[in-house]
Amino acid sequence: MKRGLVIGKFMPIHNGHIALIDFAASQCDELIVSMSFTPDDKIDPVLRFEWIKEIFKDRPGIKPAIIADDFDDETLALNNRTNIWAIRMREVYPKIDILFSSEFYGEPFAFNLQAEHILFDEQRKSTPVSATLIRNHPFQHWEFIPKEVRPYFVKKICLYGPESTGKSTMAEKMALHYHTTFVPEVARELITSNDITVDDIIKIGRAQTERVKEKTNVANKIIFCDTDLITTKIYSLYYLNEIPDILNDLENEIKYDLYFLLDIDVEWVADHLRDFGDRRPEMFKLFKAELEKRGINYIQISGNYREREEKIKKIIDSILV
């Protein structure tokens, strides 16, 4: 049996890595994809390894492996440095017949590993990208990011504020404009009145959280969320005079990259779930205070609906650079 090896940090794995791995797998019977990590990595190693396993889950000949990078010595000459790598590889993996790489270190590493070296697309002509470029400018290199990895880079935008400030309409409009998804206020799918129970509010919190995760997985660079768990907690306290502990846990599951606090300087429109038409200034202060209590940065959006839309688009455009 001919066994191959590909090594890397895969921070994150991208289409260039996948092309290398696909090529390597076609040249041998078994391919070990060895992901190294350190405590200081910019992307969580467990998450990175899950991406690799998910991408190649239907490829039994590809064997993802993870190894702590606690043996390298960058002060050494390349030949001596890669010899240390080779010693560790022999300690943890079966005999390697072929090393596949696109890197300058490939030849001396293979020599020390007593393996053949096959170089693949050293100039990165087929996939002109690097993990560093993706980390620094993910949206400029979106087409090179696998679908399994894209949710990590998606920016979550929360449209936040009291009743009747245009959050639902704005979320849908922004999603349409930016060719992406949005998350509605899931409570409106689950209840028909404000006569709710603790079980109802827990169900709402869980459903809202799951919907954000679900929609993030298919979002195009950015996702707009009509509400969040802070809002759920505000209404839980108002209607039930308590906040179930699970809502605190659920709040911590989703971190938003930006909050737009929508002002109350638009007409209040009644519907069957809106109760605070006569308390708008009070509710606005409460919503604002909850953000400030948590140290969450936000941008307050005022003006008529057209003005709000233009302000938000200008900010989002700057994020997508």
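Reply: Rings of Phe, Tyr and Trp (its six-membered ring) pair if their centres lie within 6.5 Å; planes under 30 degrees apart count as stacked, over 60 as edge-to-face and the rest as tilted. By that rule, ring pairs link Tyr160, Tyr235, Tyr238, Tyr239, Tyr256, Tyr259 and Phe287 into a cluster. This is a predicted model, where local features need pLDDT of at least 70 and side-chain atom pairs count only at pLDDT 80 or more, while totals for chains, interfaces and linings use all residues. Residues are numbered from 1 along each chain as its sequence is written, and side-chain values use heavy atoms, with hydrogens and water left out.

Stay with the rings a moment. The structure holds 15 aromatic pairs. One of them joins phenylalanine 139 and tryptophan 142, a tilted pair at 5.6 Å centre to centre with 50° between the planes. Phenylalanine 139 is buried at 7% relative accessible area (buried means under 20%, exposed over 50%, partly exposed in between, with a 1.4 Å probe and protein chains only). Tryptophan 142 is buried too, at 6%. Tyrosine 238 is partly exposed at 40%. Tyrosine 239 is also partly exposed, at 23%.

Now the sheet. Strands (E, at least two residues) and helices (H or I, at least four) are DSSP runs, numbered from the N terminus. Two strands pair if DSSP finds at least two bridges between them. Five strands form an open sheet in the order E7-E8-E6-E9-E10, with parallel pairing. Strand E7 (181–183) and strand E10 (298–301) are the edges; each has a single partner strand, so one side of each lacks a neighbour in the sheet. From one strand to the next, the twist averages 25° (axes are lines fitted to C-alpha atoms, for helices over the stretch in contact, and angles run from 0 to 180 degrees between N-to-C directions).

Look closely at strand E6 (residues 155–160). Of its 6 residues, 5 are buried, so E6 is largely enclosed by the rest of the structure. It runs parallel to strand E8 (residues 222–225), joined by 4 bridges. Lysine 155 stands opposite isoleucine 222 in E8. Isoleucine 157 stands opposite phenylalanine 224 in E8. Strand E9 (residues 258–262) is also parallel to E6, again with 4 bridges. There, cysteine 158 stands opposite tyrosine 259. In a regular strand, side chains alternate between the two faces of the sheet.

Next, the helices. Contact means heavy atoms within 4.5 Å. H9 packs on the sheet and touches E6, E7 and E8; its direction makes about 175° with that of E7. The expected span of a helix is 1.5 Å times one less than its number of residues. For H9 (residues 198–216), with 19 residues, that gives 27 Å, and the end C-alpha atoms are 27 Å apart, which agrees. Its buried residues include Ile201, Ile204, Gln208, Arg211 and Val212. Helix H12 (residues 280–293) lies across E6, E9 and E10, at about 160° to E10.
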